[in-house]
Amino acid sequence: MTKSLIIYYSWSEAANTKHIAEIIRQQTEADVFRVKTVKPYPDTYAACVAKAGMDILSSTLPELQKIPADLNDYDTIFLGTPIWWGNMSQPIKSLVKQVDFSGKKLLPFCTHGGGGKGKYLAKLSETCKGAIIGTGIAFLKNGGPEAETQISDWLKQNGNML
Ligand SMILES: Cc1cc2nc3c(=O)[nH]c(=O)nc-3n(C[C@H](O)[C@H](O)[C@H](O)COP(=O)(O)O)c2cc1C
């Protein structure tokens, strides 16, 4: 198996995307990098939705505390985000603008509140043109008890990416 890194952002207290990242880590033994913003998004749901909406309208991307210094060690990157306003979250938008994924194999995953993956995969392909993007996977909230099996099936389907 090649070397893999899981990069993800998770905002809510439920930490749904973190939960999925952890299951992927258990099944792949990939390294993990959690994206954090310099200034946290507001900690109540309504305020966070409003702030994210304003940032989208004004094309404002948050400053990140740190981005992975070097992806040279990794062949495959799992990229996880909660869905915000039908797309990848602002912190992950910020990350994909700054990090060069050219030549990397990207396996996208996301969690959502019922609206599905939205434009996440399409926008990721637009932004990361030089990457080889595998089949994405989306979970409702933390994916429930089936998440582990769904992830192992997904990893098998994308075996050529690992
Ligand atoms: C700012 C914001 C915008 C959201 N927009 C959507 C959306 O467009 N569609 C959807 O299904 N869920 C939306 N949600 C719900 C989250 O995608 C969902 O709760 C997700 O699992 C949270 O992941 P996390 O716990 O890792 O932060 C939104 C949540 C927030 C905070």
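Which side chains meet in a salt bridge at 2.7 Å, N to O? They are those of Asp-55 and Lys-51, where a salt bridge is a side-chain nitrogen of Lys or Arg within 4 Å of a carboxyl oxygen of Asp or Glu. The model is predicted: local features need pLDDT of at least 70 and side-chain atom pairs count only at pLDDT 80 or more, whereas totals for chains, interfaces and linings use all residues. Residues are numbered from 1 along each chain as its sequence is written, and side-chain values use heavy atoms, with hydrogens and water left out.

Asp-55 and Lys-51 are four residues apart in helix H2, and therefore about one helical turn separates them; helices (H or I, at least four residues) and strands (E, at least two) are DSSP runs, numbered from the N terminus. Asp-55 is buried at 5% relative accessible area, while Lys-51, at 30%, is partly exposed. Buried means under 20% relative accessible area, exposed over 50%, and partly exposed in between (1.4 Å probe, protein chains only).

The structure holds four salt bridges. Another of them joins Lys-3 to Asp-31, with the closest N and O atoms 3.6 Å apart. Lys-3 lies in the segment before E1 and Asp-31 in strand E2 (residues 31–34), so this pair ties together parts that are 28 residues apart in sequence. Within helix H1 (residues 16–28), Arg-25 and Glu-22 lie three residues apart and form a salt bridge at 2.9 Å, N to O.

Lys-104, in the loop between helix H3 (90–98) and strand E5 (105–112), is buried yet has no salt bridge; Asp-75, the nearest side chain of opposite charge, is 5.9 Å away. (Lys and Arg count as positive and Asp and Glu as negative; His and the chain ends are not counted.) The side chain of Lys-104 instead reaches the backbone oxygen of Tyr-74 at 2.6 Å, and one of its polar atoms lies 2.9 Å from the backbone oxygen of Leu-71.

Helix H3 is itself mostly covered, seven of its nine residues being buried. The elements that cover these buried residues include strand E1 (4–8), helix H2 (45–57) and helix H4 (120–127).

The ligand has 21 residues around it, of which Ser-10, Ser-12, Thr-17, Ile-83 and Thr-111 come nearest; a residue is near if one of its heavy atoms lies within 4 Å. A polar backbone atom of Ile-83 is 2.7 Å from an oxygen atom of the ligand, and a backbone N or O atom of Gly-113 lies 2.9 Å from a ligand oxygen atom.

Technical notes: A polar contact is a pair of N or O atoms within 3.5 Å; within protein, one must be able to donate a hydrogen and the other to accept it, and residues adjacent in sequence count only if both atoms are side-chain atoms. Contact means heavy atoms within 4.5 Å.
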